[in-house]
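Okay, thanks for making time, everyone.

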Amino acid sequence: MTFKKNLKKVLFVIGPLLITVVAIMIYFLNLSSTGEKLDKESKEYVDNVVPIISKSWDEKELRSRAILVLIPWAFLALLYEVGTYYASL
């Protein structure tokens with residue numbers, strides 16, 4: 001009789017733990033498949049919309065609003081453009 005009581009107690013504790021572990025596994029499997037679909041959709045959106053938005057950008061306006069951290073990178077990009085221009089001469 002004590003074996004049955006002990007088994008009942010063990011199953012009473014382990015049962016909900018197993019159910020919780022299985023539920024978490026199902027959740028993450030579902031999340032991973034949904035995440036891949038969302039990644040594809042977001043990539044398509046960015047590939048389609050960014051060129052349309054960037055056509056109307058004004059370079060002077062962007063430079064005037066750029067934060068100080070980006071200015072050295074812009075300078076390097078300008079040096080690269082100048083270097084490629086003179087290399088092509």
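In one of them, Y27 and F28 sit edge-to-face, 5.4 Å centre to centre with 70° between the planes. The other is Y85 with Y86, also edge-to-face, at 5.3 Å centre to centre and 70° between the planes. Y86, by the way, is exposed, with a relative accessible area of 56%.

Now, one thing to keep in mind: what you see is a predicted model. How confident is it? The mean pLDDT of the chain is 81, and 91% of the residues reach 70 or more. Confidence is highest in helix 1, at a mean of 84, and lowest in helix 2, residues 59-65, at 74. Where pLDDT is low, the predicted coordinates should not be read in detail.

So what is the chain built from? You've got three helices and zero strands, and reading along the sequence gives you α-α-α.

What about the overall shape? The C-alpha atoms fill a box of roughly 95 × 30 × 25 Å along the principal axes. The radius of gyration is 29 Å, while a compact globule of 89 residues would have one near 12 Å. T20 lies in helix 1 and is partly exposed, at 41% relative accessible area.

And how much of the chain is buried? Buried residues make up 0% of the 89. The accessible surface comes to about 8,800 Å², and 71% of that belongs to carbon and sulfur atoms.

Last topic, charges. Side chains of opposite charge can pair when their charged atoms come close. The count here comes to one salt bridge. D47 forms it with K43, and the closest N and O atoms are 2.9 Å apart. Where do these two sit? They are four residues apart in helix 1, residues 2-55, so about one helical turn separates D47 and K43. D47 counts as partly exposed, at 42% relative accessibility, whereas K43 counts as exposed, at 51%.

Methods:
Residues are numbered from 1 along each chain as its sequence is written. This is a predicted model: local features need pLDDT of at least 70, side-chain atom pairs count only at pLDDT 80 or more; totals for chains, interfaces and linings use all residues. Side-chain values use heavy atoms; hydrogens and water are left out. Rings of Phe, Tyr and Trp (its six-membered ring) pair if their centres lie within 6.5 Å; planes under 30 degrees apart count as stacked, over 60 as edge-to-face and the rest as tilted. Buried means under 20% relative accessible area, exposed over 50%, partly exposed in between (1.4 Å probe, protein chains only). A salt bridge is a side-chain nitrogen of Lys or Arg within 4 Å of a carboxyl oxygen of Asp or Glu. Helices (H or I, at least four residues) and strands (E, at least two) are DSSP runs, numbered from the N terminus. pLDDT is the predictor's confidence in each residue, from 0 to 100. The radius of gyration is taken over C-alpha atoms; the globule rule is 2.2 Å times the number of residues to the power 0.38. Accessible areas come from the Shrake-Rupley method with a 1.4 Å probe; for residues, only the protein chains shown count as cover.
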